[in-house]
Amino acid sequence: NVDLYTMAGVPVIEVKRTKLDGWGKILKRFFDIIVSFLLLIIFSPFFLILALIIRIDSKGPVFYGSKRVGAKVKKIRVYKFRSMIKNAERLKKKLLPKNERPDGPLFKMEKDPRVTRVGKFMRKWSIDELPQFWNVLKGDMSLVGPRPHEPHEVAKYEKHHKKLLNIKPGVTGMAQVSGRSDLEFEEEVKLDTFYIENWTPWLDLIILIKTPFVVLLKKGAK
């Protein structure tokens, strides 16, 4: 959304506003608060049952807070149900040579030995991400937006990737309902950039409606 033209012999760069500026941003935040609050109430009994299962399955806390980069490069802590063994981050360094996503800065490993038995089930159905509704209510995330990435991944971003940091990351998003882990990183960037430049409340609603169907079909789930 940048135009370059000449005015009276002087080069001018015009940065266009998107629909997520001004009232669009306010409307999106209002929607996030209402929906995330209702979803937290609806899922609260399920959270209690799942917390008990996680504690029985393996040692460690029920929830895991992962450091991620939010809007305007703000550091945030994204909450998930713990799906890995303790000290998983330390073991990640040893597994980096086995990364199955060489197309970008992200790390993916289909048969990650750090994932617990319950964790495999939760990841298969994206249940581990449900606590992120709390992040939405807090204001660190949005229901719909680009995926939140880790600081060391963002450090490898190229210039055109950084546009994704203009808005809050989302629990789901354009890329998540269009292939999830099956997409190459550049494809994810293009989809999320399209979302930022063409956002409407209806687009958010469509993505939210499509998300559970994508999860049930297990499309791109790893």
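Arg 117 and Lys 120 are exposed on the other side of helix H3, opposite a face described below. Exposed means over 50% relative accessible area, buried under 20%, and partly exposed in between, with a 1.4 Å probe and protein chains only. The model is predicted: local features need pLDDT of at least 70, side-chain atom pairs count only at pLDDT 80 or more, and totals for chains, interfaces and linings use all residues. Residues are numbered from 1 along each chain as its sequence is written, and side-chain values use heavy atoms, with hydrogens and water left out.

The buried residues of H3 are Val 118, Gly 119 and Met 122. Seen down the axis of H3, these residues fall within an arc of 100°, so they line one face of the helix. The arc is taken over the directions from the helix axis to the C-beta atoms. An α-helix has 3.6 residues a turn, so residues three or four places apart point the same way. The buried residues of H3 pack against H1 and strand E4 (75-81). Contact here means heavy atoms within 4.5 Å. Ser 126 follows H3 and has a positive phi, near 60°.

The protein chain holds 7 helices and 6 strands. Both kinds of element are DSSP runs, numbered from the N terminus: helices are H or I with at least four residues, strands are E with at least two. From the N terminus on, the order is β-β-α-β-β-α-α-α-β-α-β-α-α. The protein chain has 222 residues, and buried residues make up 44% of them. Contacts between residues at least 6 apart in sequence were also examined; 69% of them join residues at least 24 apart. Accessible areas come from the Shrake-Rupley method with a 1.4 Å probe; for residues, only the protein chains shown count as cover.

A search of the whole structure finds 7 salt bridges. The criterion is a side-chain nitrogen of Lys or Arg within 4 Å of a carboxyl oxygen of Asp or Glu. One of them joins the side chains of Arg 117 and Asp 57, at 3.1 Å from N to O. Arg 117 lies in helix H3 (residues 117-124) and Asp 57 in helix H1 (residues 23-57), so the pair ties together parts that are 60 residues apart in sequence.

Another salt bridge links Glu 197 and Lys 163, with an N to O distance of 2.5 Å. Glu 197 lies in helix H6 (residues 185-197), and Lys 163 in the loop between helix H5 (151-154) and strand E6 (170-172), so this pair ties together parts that are 34 residues apart in sequence. Glu 197 is partly exposed, with a relative accessible area of 28%.

The side chains of Asp 140 and Lys 138 also meet in a salt bridge, at 3.3 Å from N to O. Asp 140 is buried, with a relative accessible area of 13%. Lys 138 is partly exposed, at 44%. Together with Lys 74, these residues, Lys 138 and Asp 140, are linked in a network of salt bridges.

Asp 140 also touches Ile 76. Ile 76 has its place in strand E4 and is buried, with a relative accessible area of 7%. Beyond four places in sequence, the residues that Ile 76 touches include Ser 66, Val 69, Met 141 and Pro 169. The C-alpha atoms of Ile 76 and Asn 135 are separated by 9.0 Å, although these residues are 59 apart along the chain.

Helix H2 (residues 88-95) has Ala 88, Lys 92 and Leu 95 as its buried residues. They cover an arc of only 65° around the axis, which puts them on the same side of H2. Arg 90, Lys 93 and Lys 94 are exposed on the other side of H2. The cover over the buried residues of H2 includes H5.

On the surface, Phe 30, Ile 33, Ile 34, Phe 37, Leu 38, Ile 41 and Ile 42 form a nonpolar patch, with about 690 Å² of accessible area together. Patch residues have over 30% relative accessible area and no salt bridge; like charges are joined within 9 Å, and nonpolar side chains (Val, Leu, Ile, Met, Phe, Trp, Tyr) within 5 Å. Ile 33 has its place in helix H1. Ile 33 counts as partly exposed, at 34% relative accessibility.
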